Amino acid sequence: MQNLINQEQMRSADVFTIKEQEISSIELMETASAAFVKEFVREITDENTPIAVLCGKGNNGGDGLAIARILNDKGYNLVSVYLIDFSAQETEEYKVNLNRLKDQWFPLTTVKSVADLKNLKSGVIIDAVLGAGLNKKLSGLYLELAQFVNGLNLHVIAVDVPTGFPAEGKLDKDNVYIKAELVICFQRPKINFFFPESAAALNRFIVTPIGLSEEFIERFDSPYKLSDAGDISDLIKPRKPFTHKGTYGHALIVAGQRETMGAAILAARACLYSGAGLTTLSIPESGLTALNATLPEVMYKDRTALSQSGGGFENFSAIAVGPGLGTGAESLDILTSLLKLKLPLIIDADALNLLGEYEELFKQVPEGSVLTPHIKEFDHLFGVHDSWWDRLQTARAQAVQRKCVIVLKNQYTFIIDQYGGVKINPTGNPAMAQGGMGDVLTGIIASLSAQGYPADQAASAACYLHGLSGDKLAVSKIAVTASAVAGYIPEVLKELIK
Ligand SMILES: NC(=O)C1=CN([C@@H]2O[C@H](COP(=O)(O)OP(=O)(O)OC[C@H]3O[C@@H](n4cnc5c(N)ncnc54)[C@H](O)[C@@H]3O)[C@@H](O)[C@H]2O)[C@@H](O)CC1
Ligand SMILES: Nc1ncnc2c1ncn2[C@@H]1O[C@H](COP(=O)(O)OP(=O)(O)O)[C@@H](O)[C@H]1O
């Protein structure tokens, strides 16, 4: 797990590292630039590629100057440097690196206006104009520069962060950035890389360590943490000798209606494959043949019993509700009865839509429940948001207020615990953008909850496993089905268990 820190914290990590390692800031810049180059040469392997390095006059530009020199030393013989001279201020590190460059022969162009970039027509652009020191949207000459560079449609690789892109905070739709194919970012990714709006500024990012003190960074109390395989391996317990089906819990999934019985079966499949000792599905009777034909291991529970004071529904180790449930009167009755059990629930899909319609019902959601909305369901529950930053902040506040876990789904899913802490899930890919994928996630959460994992752990582990299964399948496939993702979970689990 990695702490995602803000820029102020990053600056104090710089200061701490400089002091602790008894190095100068220029040496730190040299290390960062060398780390960038290490990744860059993996991406651009041809040393004869024309490379234009656009350098602002802050430390991002200072990095750019050092990068140009290091690339040249490595045999990249077509490196040219453009000094973006739109403001008078320049940092000390920038000046030192400019002098170092002037000691060597180097094509240097001073850019006072966009017209000075007329020779820039081909090759790769390294964007080192503005980095994490950005303090306002691009305007004036910087805006013109960004529009000009974007119009060239060249392969842009940004240093640390694309020019114009704020590392944290709300991303306005009308913001303009220098659009990068790749960002090679220092030490930690920026929180804003994980929001869908970042697609306007970058396609991919790589994080490279630059020697900052990890111990110091991890001491910060950041609400944002990035999950990794190690966290899940630490969490998932191996199956022990002499255990039996009763050891691994009994999950119930209340889901499905005539047109969307598949959603229920997918959730049950995922629950089964994620290792629940027993899985029971409560669907309309019309789905029984399909259930028995596809998942003979799964049991059935008649949901008409639910309205009769519990009807035995209270005896399960975990209950999930919602996939393919529908939002009609019968579904409303089912959800109302389930909420009366006052047991934590995993609430997805149509059950969330019903909560969005009936505020009184929403208030009855028990503490410790897990809500798994995608963007539309989320905004239905909590109001329309015009940015993901705002949406995430609402999710944090709501998770605390309702003492629930919120799984806000997207390419990077945010898992927000009852204290407002956010885990960002790094697995998953666009091959998974297919119907039924969310039903599978719900089934995995239900399974892990039934096996005794606390709500936040079940949710974050489930997201990781779900995405990893999709990633493994996507290596050889353009699209992966929800059934396949569910079916691959046992292998992914086995691989992660220590
Ligand atoms: N720990 C780290 O992350 C390290 C970062 N370094 C580099 O340092 C960069 C940050 O450097 P700086 O703090 O000097 O900042 P920048 O180089 O990003 O920008 C600095 C200048 O740009 C101006 N500016 C900001 N927004 C503007 C806008 N919208 N329009 C016009 N001017 C604007 C600022 O007033 C300031 O004068 C990082 O992105 C990275 O490249 C490395 O050199 C060393 C270690
Ligand atoms: N591009 C993507 N990258 C990573 N994960 C994705 C992507 N598209 C979809 N997913 C995952 O698939 C699931 C989709 O959930 P949801 O929208 O509720 O699907 P459905 O309603 O069809 O079951 C989420 O867990 C989401 O994270």
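**A walk through some helices and loops**

Modeller: Lys403 is partly exposed, with 16 other C-beta atoms within 10 Å; a residue is buried if 20 or more other C-beta atoms lie within 10 Å of its own, exposed if 12 or fewer, and partly exposed in between, with C-beta atoms placed from the backbone. This is a predicted model, where local features need pLDDT of at least 70, side-chain atom pairs count only at pLDDT 80 or more, and totals for chains, interfaces and linings use all residues. Residues are numbered from 1 along each chain as its sequence is written, while chains are lettered from A and ligands numbered from 1 in the order in which they are written.

Biologist: Thanks! Where is Lys403 found?
Modeller: Lys403 sits in the loop between helix H14 (388-402) and strand E16 (405-408). Helices (H or I, at least four residues) and strands (E, at least two) are DSSP runs, numbered from the N terminus.

Biologist: And what about phi of Lys403?
Modeller: Phi is positive there, about 50°, although Lys403 is not a glycine. Ala349 is another non-glycine residue with a positive phi, near 45°.

Biologist: Is Ala349 buried or exposed?
Modeller: Ala349 counts as buried, with 26 C-beta neighbours inside 10 Å. Its place is in helix H11.

Biologist: How do the axes of H11 and H13 cross?
Modeller: The axes of H11 (residues 349-357) and H13 (residues 375-382) come within 8 Å and cross at roughly 25°; they are lines fitted to C-alpha atoms, for helices over the stretch in contact, and angles run from 0 to 180 degrees between N-to-C directions. That makes H11 roughly parallel to H13, a label for angles under 35 degrees.

Biologist: Which residues meet there?
Modeller: From H11, Leu352, Asn353, Leu355 and Gly356 meet Glu377, His380 and Leu381 of H13. Contact means that the C-beta atoms of two residues, placed from the backbone, lie within 7 Å.

Biologist: Changing topic, what does Ala431 touch?
Modeller: Leaving out residues up to four places away in sequence, its contacts include Gly470 and Ala474. Ala431 lies in the loop between strand E18 (422-424) and helix H15 (437-450), and counts as partly exposed, with 17 C-beta neighbours inside 10 Å.

Biologist: Last one: how many residues of H16 are buried?
Modeller: 17 of its 20 residues are buried, so H16 is largely enclosed by the rest of the structure. H16 covers residues 455-474.

Definitions and conventions:
The expected span of a helix is 1.5 Å times one less than its number of residues. Angles under 35 degrees count as roughly parallel, over 145 as roughly antiparallel, 65 to 115 as roughly perpendicular and the rest as oblique.
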